[in-house]
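Here are my notes for you to read alongside the model. Keep the structure open and look up each residue as we come to it.

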Amino acid sequence: MAQSRAAGILEDILLQGMLYGTILRSPVAAGSLVKINTPKLTSSYTLITARDIPGNNRLEGLSDPVPILAASEVRYIGEPVALLIGPDRNKLEDLAASSEIVVEETNGRFECETFDSDRILAKKNIQNKEIDGLFKRNKNILEGTYRTGIQEHWYPECHGAVASYSYDKMLIRTATQWPFQVRKSVASVLAVSVEDILVEPLELGIHLDGKIWYPSLLACLAGLATYICKKPVKMMLNRLEDFQFSPKRPASHFFLRSLTNDEGTLLALESRPIVNMGAAGPFAEEFITRLSLGSAGAYRCTHTRVEGYAVSSNIPPAGPFAGFGFSQASFAIENHIWTLTDQLHENPLAWRKRNALCKGDSLITGTLIRDTVPSEALLDTVAAMSDFHRKWASYEMISRYHRSLARFPTDKVLRGIGVSLGYQGNGLLFEGADTGTYGIEATLEKDGSLLIKSSAIVSSPETWSIWATIASDILGIETSQISFAPVRTDMVPDFGPSSLSRNTTIMTKLIQRACEAIRRQRFRDPLPITVKRQFRPTKAMKDGLPFSMLSWGAAVVEVEIEPITLQPITRGIWLIIDGGKILSEDAARRSLNTSSIHALQWVSGNRLQYVDGKIPSKTMEYYSIMMQNTPPPVYLEFLWNNNEQPKGIGELPYTLIPGSFAQAVAQAIGKPIRNMPVLPQDIEQALVCTEGAL
């Protein structure tokens with residue numbers, strides 16, 4: 001099989017006469033730009049500001065505009081204000097260090113828990129007129145506030161882009177999940193036709209959805225520099241720049257209020273999710289929609305009300321991390337349920353079996369669940385895998401005894417176990433720019449070979465092997481005769497952003513449909529035969545499809561609390577996944593294992609946060625994507641069934657593991673966990689609180 005290859009990595013690209021670019025950044029979080037002072041520049045070096053932009057000074061096609069270069073107002077520390085372009089990287093660094101950005105500073109706003117209406121980027125309201133009366137008439141009410149922190153992607157190679165001229169067109173090379181969005185943005189900034197811009201994606205590595213929109217910004221900067229200097233220009237962030245200023249998973253804040261009957265069944269649930277999008281919200285609508293949808297988790301509730309807000313602040317713009325906010329909501333509701341079942345003295349797995357969504361139920365947004373929900377099979381299987389019932393009963397007895405003491409013991413190992421149930425929607429964005437027609441093109445050549453063209457971006461060559469096997473089975477040709485065209489925007493059709501498991505769900509279907517059409521034509525039409533197949537999301541699909549084809553999963557996490565440091569140590573992770581038809585079990589296992597480690601790091605690793613609008617540079621010295629030198633064992637099984645449709649599964653560990661981990665810690669210490677990540681100081685503070693603090 002001939003595979004399409006990405007155009008290498010950015011650091012390896014060297015072009016004749018190439019210049020380099022460095023970004024002059026705002027030193028303050030908010031204010032008015034007064035002037036830019038630089039040392040005297042020789043003819044070899046160029047200063048570029050917003051005034052030099054010939055077209056639009058913003059990224060194109062996103063729900064909230066992101067400036068390319070600050071023109072008059074700065075909105076976060078590190079915001080690009082100007083570019084310095086020249087032939088010597090070291091000289092550029094010296095010039096940048098000697099430059100001064102003069103700003104008339106104003107007070108920055110960094111938090112999102114309280115905010116004025118002018119900071120609302122997007123909101124979601126799901127009203128229920130009966131809910132107030134229910135809360136007034138009943139007494140089994142539980143309230144809780146939950147917070148999740150930011151998370152760093154930590155890419156194999158830092159963000160960047162190279163721009164150069166290819167005859168009469170500009171060629172942009174950058175590691176992006178969405179090449180056609182890069183093309184549209186660069187064309188808009190330069191005020192040229194999109195046909196004048198060519199985009200070749202570079203190798204992504206493990207990107208975790210962090211390269212959807214931000215590469216477009218770097219591509220615009222590189223393209224602008226090449227347009228002005230008439231030479232190839234490479235823009236590449238250093239590791240500290242990337243760590244401090246590239247988009248992170250956003251911080252979120254949840255207020256939950258629930259009403260149950262005496263048996264613990266959910267009667268009403270009120271949610272107020274808030275997400276801190278930073279200085280711009282290119283996917284604010286998407287985030288708040290999915291945060292709101294996830295507020296009820298995988299559980300049935302007759303009466304729900306949501307009032308959700310995506311809020312701006314003076315920190316760098318946030319971005320997705322393996323999904324758009326659903327996992328934050330899952331952490332909140334799963335830990336809310338821990339408090340509920342703890343007060344009922346009920347096994348939390350048994351509660352979930354009684355209250356899980358079923359076929360015919362509706363999600364919180366009103367979307368009807370049309371397929372069977374395998375919640376009981378998932379929960380029973382993960383319980384058997386982890387020996388959950390025995391461990392939970394033992395740890396619960398010890399925890400209840402410790403809580404009866406005048407002082408909770410911290411001189412011995414404490415253990416706990418937690419369980420979560422959740423789902424993943426697949427394929428499409430709800431809001432914003434994901435409204436086009438997406439497709440592929442397949443050609444059966446005269447020599448019997450098959451060429452498939454698409455802008456789908458893959459992180460692993462194994463994905464091509466899976467698609468080639470599907471095409472081979474349909475057409476009866478060898479996989480060695482199947483090739484994928486190199487991805488370049490003038491050579492392949494637009495497939496949209498490669499995120500939310502779109503490659504697994506939509507791309508696989510389009511390849512199947514195209515090959516089936518070729519099979520029907522091949523013996524009556526002369527070769528070559530070219531077939532195009534497209535997918536266009538309708539409004540009904542946007543409102544419902546991403547969360548009507550659901551992947552399901554359950555997880556158990558067991559922890560122990562080290563008595564001296566109060567460090568929570570993960571003893572094991574058990575996952576059971578219903579992902580429909582698994583196209584490659586080996587690839588699925590690798591993906592889920594990697595996601596599990598990242599999810600565990602999010603909930604138990606170092607706390608990453610902005611301090612007065614900036615991540616301190618010293619944080620990078622100890623921040624790590626790995627929490628332990630030896631990761632804990634991950635025991636993974638699939639729920640095999642007769643479903644012939646492949647579904648996305650990569651986001652499920654982020655939905656399942658943080659909630660399970662926090663519940664396990666909560667059982668071990670006898671106190672609820674409300675914040676993520678869970679750190680030893682949080683455990684210490686919980687243990688010294690009064691018992692009435694629940």
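1. A salt bridge here is a side-chain nitrogen of Lys or Arg within 4 Å of a carboxyl oxygen of Asp or Glu. Both residues belong to helix α6 (residues 284-293), where four residues, about one turn of the helix, separate them. Arg290 and Glu286 are both buried; buried means under 20% relative accessible area, exposed over 50%, and partly exposed in between, using a 1.4 Å probe and protein chains only. Helices (H or I, at least four residues) and strands (E, at least two) are DSSP runs, numbered from the N terminus.

2. A word on where this comes from: the model is predicted, local features need pLDDT of at least 70, side-chain atom pairs count only at pLDDT 80 or more, and totals for chains, interfaces and linings use all residues. Residues are numbered from 1 along each chain as its sequence is written, and side-chain values use heavy atoms, with hydrogens and water left out.

3. In one of them, the side chains of Arg305 and Glu270 meet at 2.6 Å, N to O. Arg305 sits in strand β15 (residues 303-312) and Glu270 in strand β14, so this pair links distant parts of the chain, 35 residues apart. Both Arg305 and Glu270 are buried.

4. Compare that with Glu441 and Lys532, whose side chains meet in a salt bridge at 4.0 Å, N to O. Glu441 is in strand β17 (residues 438-444) and Lys532 in strand β20 (residues 529-535), so the pair ties together parts 91 residues apart in sequence. Are these two residues buried or exposed? Glu441 is buried, with a relative accessible area of 17%, whereas Lys532 is exposed at 55%. Elsewhere, salt bridges that share partners join Lys391, Arg415, Glu558, Glu560 and Arg571 into one network.

5. Next, find the open sheet of six strands, which has mixed pairing and the order β7-β15-β14-β13-β8-β24. Two strands pair if DSSP finds at least two bridges between them. The edges are β7 (120-126) and β24 (675-676); each has a single partner strand, so one side of each is left without a neighbour in the sheet. Within the sheet, β8 (residues 141-148) and β13 (residues 252-260) run antiparallel and are joined by eight bridges. Ile141 stands opposite Leu259 in β13.

6. Seven of its seven residues are buried, so β1 is largely enclosed by the rest of the structure. Leu19, Gly21, Ile23 and Arg25 point one way, while Tyr20, Thr22 and Leu24 point the other way. As a reminder, in a regular strand the side chains alternate between the two faces of the sheet. What does β1 pair with? Three bridges join β1 to strand β12 (residues 233-236) in the parallel sense, and six join β1 to strand β5 (residues 80-86) in the antiparallel sense.

7. Helix α3 (residues 179-190) is mostly covered, with eleven of its twelve residues buried. These buried residues pack against β10 (169-174), β11 (197-201) and α4 (214-229). Just after α3, Ala191 takes a positive phi of about 60°.

8. Finally, the cores. A nonpolar core is a set of buried Ala, Val, Leu, Ile, Met, Phe, Trp, Tyr and Cys residues joined through side-chain atoms within 4.5 Å. The largest has 96 residues, and Ile85, Val186 and Met235 are among those that touch the most other members. Helix α4 gives the most to this core, with ten residues. Met235 has contacts (heavy atoms within 4.5 Å) that include Gly21, Ile85 and Leu218. A second, separate core of 43 residues includes Leu414, Ala668, Met676 and Ile683.

Note on methods. Lists of a residue's contacts leave out its neighbours within four places in sequence.
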